[in-house]
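Hi,

Here is the structure I promised to send over. Have a look at it first, and then read on for my notes.

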2 protein chains.
Amino acid sequence: MAMATKMLLLLAAVALLVASSGAWETNIRMPASVATTTAMDEAVAPLIHALRPMLGSGGQLGSRAGVACDSWRLGVEAHNVRDWKTVPASCESYVGHYMLGGHYRRDSKLVIDEAISYVDSLKLAGNGKEVWVFDVDETTLSNLPYYATHGFGATPYNWMSFQEYARQASAPALPETKRLFDKLLSVGIKPVILTGRREVQRTATVTNLRRQGFSGWMTVMLKPAEFKGSAVTFKSGERQKLVDAGYVIVGNIGDQWSDILGTPEGARTFKLPDPMYYIG
Amino acid sequence: MAMATKMLLLLAAVALLVASSGAWETNIRMPASVATTTAMDEAVAPLIHALRPMLGSGGQLGSRAGVACDSWRLGVEAHNVRDWKTVPASCESYVGHYMLGGHYRRDSKLVIDEAISYVDSLKLAGNGKEVWVFDVDETTLSNLPYYATHGFGATPYNWMSFQEYARQASAPALPETKRLFDKLLSVGIKPVILTGRREVQRTATVTNLRRQGFSGWMTVMLKPAEFKGSAVTFKSGERQKLVDAGYVIVGNIGDQWSDILGTPEGARTFKLPDPMYYIG
């Protein structure tokens, strides 16, 4: 047991280390107008508890009652859990710890590593017709600064409140996605931004993307004000227009299954993690 | 830190509890010819280490080198990691602990809970034309007794060796899937077994299913000896035959993405976890 205790303490130390400051965490905690941070800011940052990512907030490992939060998250990512309105109340802390700790970033990194391996494996035509579709929210940009103060998805979505946040154009980039974006530009695949955000949000969205270092895209496609259909209908329709115009969608990445389902999906799709909300 | 230490010790205790004996573990460890188990058998059972399910065997949480095994597993389940031949060598222990500990069962339970909720939400025609497609390996039957002695997928697939195991018809049922199977029978949805196993394995497969309490299916569809195409081609082709014959596929469940991709997929699909092998 002494050895096990030592290893458990080591785990705690590693987890605390991962939870410590970094560019991403700094970015998340800071309002857009503040450009620097101090040691004191770091000291008051939320402590990422070593146990929560595995157990879920209720500590209900093996219990028959309640929700096993890690199983729920896996269910979301594998598209077994669908049409959910909010994160289960008992999983708010779990999702918060997942998002703010190293886990979300590590899971995102693996997805992008796979995407970059795929890009490296392609025999490109290099004819300027090869494109890659990117979603915006929780794909190129992260709304964690918003969701961190709105229950990490455990409270019902508030359209007005989120629009106000989005208008500030202050969302940080998801660093992993930025790495893929830059890789594609370097090999001549044109990024296409395709988002369920409405046309009225075009300026704020483009401003936010540019502020975060995204540029060189072929086009930014937003949902027309009058569009009434589902996300899958909108996005697959827009992808069809690209194909009809002679483009080849070599890849497609988003955080929602509705980003990557629906013909034409693209030659290969990638699902980034998002346990905070579901768009059907 | 004292509190954290206490909680970590609690975690260890809970994990050890989960790893302790039960019908499932007993079933997994026992050869087919042994009908009972003893306290001594339990005592020599492999110890499931409390840390491994989270960290992966290399303990490379947050490390830039190597594979983050939990992220890799998520990547597999979300279909970001494709066409892999074996479990990464550094993740063999991780996958073993995942499969033999409570984690795999917990993840499977959530999938089946979702499936049963879906069944309860259906307005059934009750005309005898409603069917549900089940895969066999790692869906109705578990080959853990085989994989536990073959590196949990970290060693290359050995067709001959696996066939020899399958011929014994000794694989335990996945208890969660059995629960769904029985639920469907109770509401008049007919189970259809659709497997990539070959026709030559029909007798062993049916014997194994019956031994494990499965019965009442409409048909068992196996791959003809001469079939050369992919799993998706075979399975979607067989599902098309069902639809052409007037059946409505209300659900479809498997452990591989190739079980549930390809038109007609079925009205709703469910992906059970399987970090041990990939069938494209």
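This is a predicted model: local features need pLDDT of at least 70, side-chain atom pairs count only at pLDDT 80 or more; totals for chains, interfaces and linings use all residues.

Everything here is computed from it.

**Salt bridges**

Side chains of opposite charge can pair when their charged atoms come close. How many salt bridges does the structure hold over all chains? The count is 26. Here are some to click on.

Start with Arg73(A) and Asp107(A), whose side chains meet in a salt bridge at 3.4 Å, N to O. Arg73(A) belongs to helix 5 (residues 69–77) of chain A and Asp107(A) to helix 7 (residues 102–121) of chain A, so this pair ties together parts that lie 34 residues apart in sequence. Arg73(A) has a relative accessible area of 7%, so it counts as buried, the cut-off being under 20%. Asp107(A) is buried as well, with a relative accessible area of 2%.

Next come Asp113(A) and Arg179(A), with a salt bridge of 3.0 Å between their side chains, N to O. This pair links distant parts of the chain: Asp113(A) sits in helix 7 of chain A and Arg179(A) in helix 10 (residues 175–187) of chain A, 66 residues apart. Both ends are partly exposed: Asp113(A) has a relative accessible area of 27%, and Arg179(A) has one of 35%.

Over in chain B, look at Glu176(B) and Arg105(B), which form a salt bridge with their closest N and O atoms 3.0 Å apart. Glu176(B) is in helix 10 (residues 175–187) of chain B and Arg105(B) in helix 7 (residues 102–121) of chain B, so to speak of sequence, they are 71 residues apart and link distant parts of the chain. Are these two buried or exposed? Both Glu176(B) and Arg105(B) are buried.

Back in chain A, there is also a network: Lys109(A), Asp113(A) and Arg179(A) are joined into one by salt bridges that share partners.

**Asp274(A)**

You'll find Asp274(A) in the segment after strand 5 (269–271) of chain A. Asp274(A) is buried yet has no salt bridge. Which side chain of opposite charge is nearest to Asp274(A)? That is Lys271(A), 6.5 Å away. The Asp274(A) side chain does make a polar contact of 3.3 Å with the side chain of Gln256(A). Leaving aside residues up to four places away in sequence, Asp274(A) touches Val76(A), Glu77(A), Trp84(A), Glu138(A), Asp255(A) and Gln256(A).

**Glu77(B)**

Glu77(B) is in helix 5 (residues 69–77) of chain B. With a relative accessible area of 2%, Glu77(B) is buried. What does its side chain reach? The side chains of Glu77(B) and Lys271(B) are joined by a polar contact of 2.6 Å. A polar atom of the Glu77(B) side chain also lies 2.8 Å from the backbone nitrogen of Asp274(B). Again leaving aside residues up to four places away in sequence, the residues that Glu77(B) touches include Leu74(A) and Ala78(A) from chain A, and Trp257(B), Leu272(B), Pro273(B) and Pro275(B) from chain B.

**A nonpolar patch**

Lastly, on the surface, Tyr157(A), Trp159(A) and Met160(A) form a nonpolar patch, with about 400 Å² of accessible area together. Trp159(A) lies in helix 9 (residues 159–167) of chain A.

Write back if you'd like to go through any of this together.

Cheers

Methods. Residues are numbered from 1 along each chain as its sequence is written. Chains are lettered from A and ligands numbered from 1 in the order in which they are written. Side-chain values use heavy atoms; hydrogens and water are left out. Helices (H or I, at least four residues) and strands (E, at least two) are DSSP runs, numbered from the N terminus. Buried means under 20% relative accessible area, exposed over 50%, partly exposed in between (1.4 Å probe, protein chains only). Lys and Arg count as positive and Asp and Glu as negative; His and the chain ends are not counted. A salt bridge is a side-chain nitrogen of Lys or Arg within 4 Å of a carboxyl oxygen of Asp or Glu. A polar contact is a pair of N or O atoms within 3.5 Å; within protein, one must be able to donate a hydrogen and the other to accept it, and residues adjacent in sequence count only if both atoms are side-chain atoms. Contact means heavy atoms within 4.5 Å. Patches are made of residues with over 30% relative accessible area and no salt bridge: like charges are joined within 9 Å, nonpolar side chains (Val, Leu, Ile, Met, Phe, Trp, Tyr) within 5 Å. Accessible areas come from the Shrake-Rupley method with a 1.4 Å probe; for residues, only the protein chains shown count as cover.
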